[in-house]
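This report describes selected local features of one protein model.

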Amino acid sequence: MNITDKTNYILVTSDERTFSDFFESFENEHVNLTDKNLIVVISEEFNPSNKNILLFLEYAEKHQNNGTSFVVISKDVTIDDFPETFNIVPTLIEAEDVIEMENIQRDLGF
């Protein structure tokens, strides 16, 4: 797993060969990332199922509860298949926009 510290967030990408290996690495490392905005890129090579992507929901809720953002980047998913509070977008630019919007909302007290 690759962890890159950007200005407003931590970018998490995979160097593993399978989704299960990537998710296991993420689970082990997440304890060090709980107080940061996170963007998790799910590799297209994994061909992730909705069930796989939903494994990140618990972490997204933890971040929401502690005042940070959690965004998953995954192409070719139907956003309507996921809870409204779960941020899933197809590109890094959109993920950065979500973090920026959520930071503004927090600053305004929403």
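## Terms and basis

A residue is called buried at under 20% relative accessible area, exposed at over 50%, and partly exposed in between, with a 1.4 Å probe and protein chains only. The model is predicted: local features need pLDDT of at least 70, side-chain atom pairs count only at pLDDT 80 or more, and totals for chains, interfaces and linings use all residues. Residues are numbered from 1 along each chain as its sequence is written, and side-chain values use heavy atoms, leaving out hydrogens and water.

## Loop residues with positive phi

Most residues other than glycine have a negative phi. Asp76 is not a glycine, yet its phi is positive, at about 60°. Asp76 belongs to the loop between β4 (70-73) and β5 (87-89); strands are DSSP runs of E with at least two residues, helices are runs of H or I with at least four, and both are numbered from the N terminus. Asp76 counts as exposed because its relative accessibility is 80%.

Asn47, likewise not a glycine, has a positive phi of about 45°. The loop that holds Asn47 runs between β3 (38-41) and α2 (50-54). With 65% relative accessibility, Asn47 counts as exposed.

## Aromatic pairs

The whole structure contains 13 aromatic pairs, a pair being rings of Phe, Tyr or Trp (its six-membered ring) with centres within 6.5 Å; planes under 30 degrees apart are stacked, over 60 edge-to-face, and the rest tilted. In one of them, the ring centres of Phe19 and Phe56 are 6.1 Å apart and the planes stand at 85°, so this pair is edge-to-face. Phe19 lies in helix α1 (residues 19-30) and Phe56 in the loop between α2 and α3 (57-65), so the contact ties together parts 37 residues apart in sequence.

Phe19 is buried at 8% relative accessibility, and Phe56 is buried at 0%. Both belong to a cluster linked by ring pairs, which also includes Phe22, Phe23, Phe26, Phe46, Tyr59 and Phe70.

## Helix α4

Glu96 is a residue of helix α4 (residues 92-108), and its 30% relative accessibility makes it partly exposed. Together with Glu94, Asp97 and Glu100, Glu96 forms a patch of negative charge on the surface.

Leu92 is also placed in helix α4. Leu92 is partly exposed, at 34% relative accessible area.

Definitions and conventions:
Patch = residues over 30% accessible without salt bridge, like charges linked within 9 Å, V, L, I, M, F, W, Y side chains within 5 Å. Areas by Shrake-Rupley, 256 points an atom, 1.4 Å probe, with all protein chains shown as cover. Salt bridge = Lys/Arg side-chain N within 4 Å of Asp/Glu carboxyl O. Lys, Arg positive; Asp, Glu negative; His and termini not counted. Charge placed at Lys NZ, Arg CZ, Asp CG, Glu CD.
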